[in-house]
Amino acid sequence: MDLADKRIVLGLTGGIACYKAAELTRALIKAGASVQVVMTTAATHFITAVTMQGLSGKPVFTDQWDARIGNNMPHIDLSRDADAIVIAPCSTDFMSKLAHGACDDLLSTLCVARPATLPLLIAPAMNVEMWQNPATQRNAKQLLEDGIRLLGPGAGEQACGEVGMGRMLEADQLLAEIIAWFQPKLLQGRRLLLTAGPTFEPIDPVRGITNLSSGKMGYALARAACEAGAEVTLVSGPTALATPYGVRRISVQTAQQMHDIVMHQLTSQSADSAGAIDIFVAVAAVADWRVANASPQKLEKNANGSAPALVFEQNPDILATVAALPKPPYCVGFAVESENLLQYGEAKRARKKVPLLVGNIGHDTFGKDDNQLVLFDANGHTHLPRAGKQQLARQLIAAIAARLTG
Ligand code: C5P
């Protein structure tokens, strides 16, 4: 579980987004965290302590003078064994209190009294005008300078009917941010481009040729790279998967489109101020051939029973093309084999001319949530034993980061 053994103090302040804190509590617990809820009086007007206790499975604290803690110092005791304090929702007023070090209720006192090493993450939630108010912006800047992490806010429709910045992030987005917080920033400042999923090669407007790739491994890698601090662009064939939070996704259908987008990303971005792409990971199961005589109209069944004669032509090999660029990014390929993985893996790495190739067995990976991998590089091969794809993805990102720096 992504947050196994993590102890989170979840603070709620007054705002309609308190309803999302209920969902966040469930999500945190499902991810393995324990959650200690602390609420301001204003928050209790939006959601009850009863609900939050029911969801967190722990008594909720709302009052500085609560006698349930032995030494009567909840503002000290509640944070001492915590791994992070998360304030969601964090109101304009509470941001102001944090920026000024106010201590006039349990939650604000708890934040000021937290150990210097204990991370404080806040999810602002307020009306667009309140967010844009110069005082709020001043406070936000101060909080960043003080090392407090701001999660969002997002933009969109607000409970008051107005539209703009100030919406609290959704529970699943906050969960992704909190999980990411705990991951080592192995790729901070790096730019990573990744292909994932299957491709779809049309036969006619309603039919086509595709494969069994679910995209799960590629999407897990995109998420892990993002968690590690990289700026991630995911070029994806058709999948049913949600884009990982923080990842930029460009959707394509065919191998040729995937090739064109990848080459455009590599050549246009190397010239702009954002800098070149550092790492290219080709996870997509790209069709080797496309139908050269695809029909612009739907093919009709022939009365005499004859089948259409499809003519195939070869698609570009995206990975090999990128690896052959004069100044290629660090290239990582994937290989799916049905047998002799160790022999084919090294041969494929040499043929594609990539520094790192990740091998897996076909019947073991497609559509599954777990996998086992073999990494081939110039020094031989290493095994990553069977684990969930997200866990493997984090290990693989660590392996890539180690090779980039070492
Ligand atoms: O040759 P094979 O298809 O087994 O190679 C697999 C690796 O090459 C994967 O990393 C895949 O994403 C990449 N590939 C590609 N373009 C192709 C075929 C494969 O980038 N046309």
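Predicted model: local features only at pLDDT ≥ 70, side-chain atom pairs only at ≥ 80, totals over all residues.
## The open sheet

Eight strands make up an open sheet, and their order is S12-S11-S8-S13-S16-S17-S18-S19. The pairing within this sheet is mixed. Strand S12 (248-251) and strand S19 (380-388) stand at the edges; each has a single partner strand, so one side of each is left without a neighbour in the sheet. On average, neighbouring strands of this sheet are turned by 20° against each other, direction ignored.

Strand S8 covers residues 191-196 and is mostly covered, with 6 of its 6 residues buried. Both of its faces are covered. On one side lie Arg 191, Leu 193 and Thr 195, and on the other Leu 192, Leu 194 and Ala 196; all of these are buried.

Strand S8 pairs with strand S11 (residues 231-236) in the parallel sense, over 6 bridges. Within that pairing, Leu 193 has Thr 233 of S11 as its bridge partner. Strand S8 also runs parallel to strand S13 (residues 279-282), and 4 bridges join these two strands. Here Leu 192 stands opposite Ile 279 in S13.

Strand S17 (residues 356-361) and strand S18 (residues 370-377) run antiparallel and are joined by 3 bridges. Leu 357 has Phe 376 in S18 as its bridge partner.

Helix H13 (residues 341-352) lies across several strands of the model: strand S16 (330-337), S17, S18 and S19. The helix runs at about 50° to S18.

Ile 209, Trp 289, Leu 310 and Phe 312 make a nonpolar surface patch of about 380 Å². One of these residues, Phe 312, lies in strand S15. Phe 312 counts as partly exposed, at 45% relative accessibility.

## Salt bridges

Side chains of opposite charge can pair when their charged atoms come close. Across the whole structure, a search finds 19 salt bridges.

Lys 97 takes part in a salt bridge with Asp 104, at 2.9 Å from N to O. The side chain of Lys 97 also meets that of Asp 105 in a salt bridge, at 3.3 Å from N to O. Lys 97 is buried, with a relative accessible area of 14%, whereas Asp 104 is exposed, with a relative accessible area of 55%.

Another salt bridge is formed by the side chains of Glu 313 and Arg 290, at 3.1 Å from N to O. Glu 313 lies in strand S15 (residues 312-314) and Arg 290 in strand S14 (residues 289-291), so this pair ties together parts that are 23 residues apart in sequence. Glu 313 is partly exposed, with a relative accessible area of 35%. Arg 290 also counts as partly exposed, at 22% relative accessibility. Elsewhere, a network of salt bridges links Asp 2, Arg 223, Glu 227 and Arg 394.

Technical notes. Residues numbered from 1 in each chain as written. Heavy atoms only, no water. Salt bridge = Lys/Arg side-chain N within 4 Å of Asp/Glu carboxyl O. Buried < 20%, exposed > 50% of the residue type's maximum accessible area, 1.4 Å probe, protein only. Patch = residues over 30% accessible without salt bridge, like charges linked within 9 Å, V, L, I, M, F, W, Y side chains within 5 Å. Areas by Shrake-Rupley, 256 points an atom, 1.4 Å probe, with all protein chains shown as cover. Pairing = 2+ DSSP bridges. Axes fitted to C-alpha atoms, helices over the stretch in contact; angles between N-to-C directions. Contact = heavy atoms within 4.5 Å.
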